[in-house]
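Student: I am new to this structure and would like to understand the words used for it. Could we go through them together?

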Amino acid sequence: MKKKNKKILMFIDNCTAYGEIPNLKNIKIKYLPPNTTSKLQPLDQGIIQSFKMHYRKEVVRRFLADVERQTPTTIDVLQAMWMIAKAWNLVTEKTIANCFKKSGFKVTCEDEEDDLPVAELARTWQRVQEELHLQETDFEDFVTFDNDLAICGELTDAEIVTSVLPVTNAEADEDEEEEGRFE
């Protein structure tokens, strides 16, 4: 008796950085509708926010430790990578499950309690404000200052359709002729 392979369903937004996605045997790709990523993608529902908060908390801790040692704060790529790894490990499974749930995916999970002691965070941020003279900047502004930063372009409906349609032999031949002209 032959076992039928079940396809895995993968949801992808329309980020132009992905480039050409190959035709996959066991994975069926579904594209999120244009301009809905901020509402339908679990990462945008709080996972990225949680990660950035934990990462920036590590940067602030590093800064405060350097202030106490009276040394300038420098963070090289390796140190940043260690802080990134620590920050990602602090994003809880409950946060991830709740973000999938908020995006409309069926997930069973209890509501998550805040995993950061607010009083400790407030005291730490107050010290940073004093050292950097940032009295007009609150921690929420610090954590969310780049939320509206565009990180990639969005494809039009026509570009999405073109990217998933199979290439005909005539189009492939035409592409090869064009490449040959520029060599």
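Tutor: Gladly! Keep in mind that this is a predicted model. Let us begin with V161, which has 44% relative accessibility.

Student: Why is V161 called partly exposed?

Tutor: Partly exposed covers what falls between buried, under 20%, and exposed, over 50%. V161 has 44% relative accessibility, so V161 counts as partly exposed.

Student: Where does V161 lie?

Tutor: V161 lies in helix α7, which covers residues 157-164. V161 also belongs to a nonpolar surface patch together with V164 and L165. The accessible area of these residues together is about 250 Å².

Student: Let us turn to charged residues. How do you know that E58 and R61 form a salt bridge?

Tutor: The closest N and O atoms of E58 and R61 are 3.4 Å apart. The rule asks for a side-chain nitrogen of Lys or Arg within 4 Å of a carboxyl oxygen of Asp or Glu, so this pair counts.

Student: What separates E58 and R61 along the helix?

Tutor: They are three residues apart in helix α2 (residues 47-69), so about one helical turn separates E58 and R61.

Student: Is E58 buried or exposed?

Tutor: E58 has a relative accessible area of 9%, and buried means under 20%, so E58 is buried.

Student: Which residues are linked with E58 in a network of salt bridges?

Tutor: R61 and K86 are linked with E58 in that network.

Student: What makes D66 and R62 a salt bridge?

Tutor: Their closest N and O atoms are 3.4 Å apart, and the limit is within 4 Å, so the pair qualifies. Both residues lie in helix α2, four residues apart, about one turn of the helix.

Student: Why is D66 called buried?

Tutor: D66 has 2% relative accessibility, which is under 20%, so D66 counts as buried. R62 has a relative accessible area of 22%, so R62 is partly exposed.

Student: How do you know that R69 forms a salt bridge with D66?

Tutor: Here the closest N and O atoms are 2.3 Å apart, which is within 4 Å, so R69 and D66 meet the rule. R69 has a relative accessible area of 51%, and exposed means over 50%, so R69 is exposed.

Student: How many salt bridges does the rule give?

Tutor: The count comes to four salt bridges.

Key: Residues are numbered from 1 along each chain as its sequence is written. This is a predicted model: local features need pLDDT of at least 70, side-chain atom pairs count only at pLDDT 80 or more; totals for chains, interfaces and linings use all residues. Side-chain values use heavy atoms; hydrogens and water are left out. Patches are made of residues with over 30% relative accessible area and no salt bridge: like charges are joined within 9 Å, nonpolar side chains (Val, Leu, Ile, Met, Phe, Trp, Tyr) within 5 Å. Accessible areas come from the Shrake-Rupley method with a 1.4 Å probe; for residues, only the protein chains shown count as cover. Helices (H or I, at least four residues) and strands (E, at least two) are DSSP runs, numbered from the N terminus. Buried means under 20% relative accessible area, exposed over 50%, partly exposed in between (1.4 Å probe, protein chains only).
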